[in-house]
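Hi everyone, thanks for making the time. Let me put the structure up on the screen, and then I'll walk you through it.

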Amino acid sequence: MALVTALRRLAYVRLREFSRRAAATAATSSFSLTGQRSFTTGTQPLRSDNKVTVHFFNRDGEKITVKGSPGDSLLDVVINEDLDFDGFGACEGTLACSTCHLIFDEEVYKKLGPVTDEEMDMLDLAYGLTDTSRLGCQICLTKSLEGMVARVPESVADIRQSKDGSS
């Protein structure tokens, strides 16, 4: 039963991601319906103008500033920017682990929206849980989160690690 639930969540996440990217491609595509590329003389805004700045503090206390697109999850940002947070996102955003656990300031936490029961279940397994903890795979960027700070906990609860700490 757990496998079926995990597969349903994976399918849902993938479908949501496909739909979001398809909509973004359709909105910004410069191809006509006949497949011919149309050339325009107008200027389009740079993609970086539409980005949201996120400040991560890694386990060593180092500040890493990156930009992500609105609609991307914080897990997407970590993967797209190739950030090296050990063990982060082991389940690839399917809500089957707590390795993308992040800690937020109170002001930011209030902007993140409600926590689902499924996310709360996974947060119960997280190392270093706080009142302002969330899973990065469940936080989607919006312009209102510009300049947000997310802290990576000192350790991660990753079932893939053996008892001696090796992978």
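Let's start with strand E1: five of its six residues are buried, so E1 is largely enclosed by the rest of the structure. By buried I mean under 20% relative accessible area, with exposed being over 50% and partly exposed in between, using a 1.4 Å probe and protein chains only. Helices (H or I, at least four residues) and strands (E, at least two) are DSSP runs, numbered from the N terminus.

A quick word on the ground rules. This is a predicted model, where local features need pLDDT of at least 70 and side-chain atom pairs count only at pLDDT 80 or more, while totals for chains, interfaces and linings use all residues. Residues are numbered from 1 along each chain as its sequence is written, and side-chain values use heavy atoms, with hydrogens and water left out.

Now, what does the whole chain look like? The protein chain has four helices and five strands, and along the sequence they follow the pattern α-β-β-α-β-α-α-β-β. Of the 167 residues in the protein chain, 35% are buried. The accessible surface of the chain is about 10,800 Å², and carbon and sulfur atoms account for 54% of that; these areas come from the Shrake-Rupley method with a 1.4 Å probe, and for residues only the protein chains shown count as cover. As for contacts (heavy atoms within 4.5 Å), if you take those between residues at least 6 apart in sequence, 65% join residues at least 24 apart.

On to the sheet. It is an open sheet of five strands in the order E2-E1-E5-E3-E4, with mixed pairing. Strand E2 (63-68) and strand E4 (133-135) stand at the edges with a single partner strand each, so one side of each has no neighbour in the sheet. On average, neighbouring strands of this sheet are turned by 35° against each other, direction ignored. For that angle, axes are lines fitted to C-alpha atoms, for helices over the stretch in contact, and angles run from 0 to 180 degrees between N-to-C directions.

Which strands does E1 pair with, then? Pairing here needs at least two DSSP bridges between two strands. E1 (residues 52-57) runs parallel to E5 (residues 148-151), joined by four bridges, and Phe-57 stands opposite Arg-151 in E5. With E2, the sense is antiparallel, over six bridges, and His-55 has Thr-65 as its bridge partner there.

The hairpin of E1 and E2 has five residues between the strands, and Gly-61 in that hairpin takes a positive phi near 85°. The loop between E1 and E2 also holds Asn-58. Is Asn-58 buried or exposed? Asn-58 counts as buried because its relative accessibility is 12%. Leaving aside residues up to four places away in sequence, Asn-58 touches Ile-64, Phe-85 and Val-152.

Asp-82 is not a glycine, yet has a positive phi of about 55°, and at 65% relative accessibility it counts as exposed. Glu-92 is also found in the loop between H2 and E3; its phi is positive too, near 60°, and at 49% relative accessibility Glu-92 counts as partly exposed.

That's my tour, so over to you!
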